[in-house]
Amino acid sequence: MKAFAALLRVSMTALLKSISPGKAGVAVSVGLMAGLSVLMSLMFGGILTVALAPLGALDLVPGFLCVMAAAMAFLFTAFGAGGLLFGGKDNDLLLALPIPDWMLLTTRLLAVYLENLLNFALTLLPGMIFYCAAKGSPVGFLLAVPVAVFGTLIPTLLASLVGWAVTWIASHTRHNALLANLGYGLVILGSFGFSLAINVSTRTGMMEGDAMAEGLGAAFRGPLWLFGRMGAACAGDLAAMAVTLLCSILPAVLFVLLLRGSYRHLLTRMGARAARRKYRMTAQRSASPMRALLRKESIRFFHTPIYLFNTGFGLILLVAAVAAICWKRDAVLSLLAQEMEIPLSSGSLYGALAGTVCFLLATVCTSSVSLSLEGRSLWILKSLPVPATQILRAKVCFNLLVGWPLTALCIVVLWGMLGFTPLQGIALLACSAALAWFVSLLGAVANLSFPRLDAANDTVICKQSLSAVIGIFGGMVLVGVGIGLCLALQSLLGTEAYLLICAVLLAGLSLLLDRWLCTAGARRLSSLG
């Protein structure tokens, strides 16, 4: 037991350090994650309780909260589990110790489980307060505690299976980056589609309670049967509680038993996959330093799935949304008018689409992690005969090239499809360009301020480092505040004028950040490593 406890301590320490090397960074990241979970729980718990209580279908609320809790936990760790379970620079050391493979696998799985438990519990339990208040008894809240403790095993195993599948593909195929990108894309699109369906069904349920109650009941009797049992367990069904415990514990035990025999082999194959590359002598091409640096950034971006999807998925969603408008224009506009209550007048539709475009663009922030991804090889980059300022500007410029040109094309397509005025199109193009520039610089500043050059793997850097959180969520918060101000000032300023003012302000802030990057930032880069 001492060896098990020591390994678990090592795994938990690695998990916390993967978020940030300092306690303040860990507290900020965990606080953001916890706050989002509690907010979602309270919002959906209250909505569902109000909608279903008059229909006598109140016992459907815990099941829905369990579905949402599992989805939140899975999304937070779906792509981090692979790095935590199958990555790590200390694999050689740990495998050389006189400990069984199952013990190492189990302690790492427990570390993922504990992270998921925080998400699951904070998404399930706060919403249960509304359910218990409507029931007039706290029993449901008390029963939800063991459901959270054991139900967390389900998203943990699903996330682990995704990590295992990607790892297996990466260690058995030549074109592992392409296949891993496809796999990650399918998982994220499926999760996004599921989340969108939940939101739409909830909003529909607020207007059509009977239809929502029937739909949830049918889902809990069908594809979401297990979550229906978990909800019934929270409502006091002891048989459902037994089913929840059995369906949670048994798969976890089977996962460890089935994987322990190949765990060492899988870790070994991961470390040796680079040795299978075939090197051929080819003609070398010369290029300018900036072009060479940009090419280096693009190779890493498109050959690292977790990097691509964590910093560029907002752009993928934007392209998919514009393609949907081009393909089913009338159906999409009808959905916006009926389900999301957005009037089809030119001004209202333009404002909603402008906010959506800017929000998705703000999530594209490769510069927030690109420096950390250099790792211990940063000295190679610093030894190049180019100034530190050019290295930093190359990382900023690459993020601009990734995010804004495709966004501009989407804006032009929407401009033509929906008949925006020239002023509307120009204002949105100017604001998006200034936003892309600002977010690119913000990410570079965050990565210089909180670098993770000693991270165990790329997953840790892209998913859990403090600079990644600041780079991605910082832009989202900025756009959210901007949308709120736009709504507050809409009686004084038109949307087009507001976007042009925002473009000027963002450009001014970008000049200040660029000045810092060329002075203090360059000195900071020279001192790293």
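Me: Why is the crossing of helix 14 and helix 18 called left-handed?
Reply: A crossing is left-handed if the near helix is turned anticlockwise from the far one by less than a right angle, and right-handed if clockwise. In this predicted model, numbered from 1 along each chain as its sequence is written, local features need pLDDT of at least 70 and side-chain atom pairs pLDDT 80 or more, while totals for chains, interfaces and linings use all residues. Side-chain values use heavy atoms, without hydrogens and water. Helix 14 (residues 305–327) and helix 18 (residues 388–418) meet the left-handed case.

Me: What makes helix 14 and helix 18 roughly parallel?
Reply: Their packing angle is about 20°, and their axes lie 10 Å apart. Axes are lines fitted to C-alpha atoms, for helices over the stretch in contact, and angles run from 0 to 180 degrees between N-to-C directions. Under 35 degrees counts as roughly parallel, over 145 as roughly antiparallel, 65 to 115 as roughly perpendicular, and the rest as oblique. Helix 14 and helix 18 are therefore roughly parallel.

Me: Which residues bring helix 14 and helix 18 into contact?
Reply: On helix 14 they are Leu315, Leu318, Val319, Val322, Ile325 and Cys326; on helix 18 they are Val402, Gly403, Leu406, Thr407, Cys410, Val413, Leu414, Met417 and Leu418. Contact means heavy atoms within 4.5 Å. The residues of this contact divide into 13 nonpolar, two polar and no charged. Nonpolar covers Ala, Val, Leu, Ile, Met, Phe, Trp, Tyr, Cys and Pro; Asp, Glu, Lys and Arg are charged, and the others, Gly among them, polar.

Me: What makes Phe309 count as buried?
Reply: Phe309 belongs to helix 14. Buried means under 20% relative accessible area, exposed over 50%, and partly exposed in between (1.4 Å probe, protein chains only). Phe309 has 11% relative accessibility, so the label is buried.

Me: Why is Gly261 called exposed?
Reply: Gly261 has a relative accessible area of 69%, so Gly261 is exposed. Gly261 is part of helix 12 (residues 238–272). Between the C-alpha atoms of Gly261 and Asp101 there are 7.7 Å, with 160 residues of sequence separation.

Me: What makes helix 6 and helix 7 roughly antiparallel?
Reply: The axes of helix 6 (residues 101–135) and helix 7 (residues 139–151) cross at roughly 160° and come within 9 Å. Helix 6 and helix 7 are therefore roughly antiparallel. Their contact includes Leu117, Phe120 and Leu124 of helix 6, and Phe141, Ala144 and Val145 of helix 7. The residues of the contact come to 16 nonpolar, two polar and no charged. Helix 6 passes helix 7 in a right-handed crossing.

Me: Where does helix 7 meet helix 11 (residues 225–234)?
Reply: The axes of helix 7 and helix 11 come within 7 Å and cross at roughly 145°. Gly140, Leu143, Ala144, Val147 and Gly151 of helix 7 make the contact with Met230, Ala233 and Cys234 of helix 11. Six of the contact residues are nonpolar, two polar and none charged.

Me: How do you know that helix 11 is mostly covered?
Reply: Eight of its ten residues are buried. Leu226, Phe227 and Gly228 are among them. After helix 11 comes Gly236, with a positive phi near 110°.

Me: How many helices and strands does the protein have?
Reply: There are 22 helices and zero strands. Helices (H or I, at least four residues) and strands (E, at least two) are DSSP runs, numbered from the N terminus. Of the 529 residues in the protein, 49% are buried.
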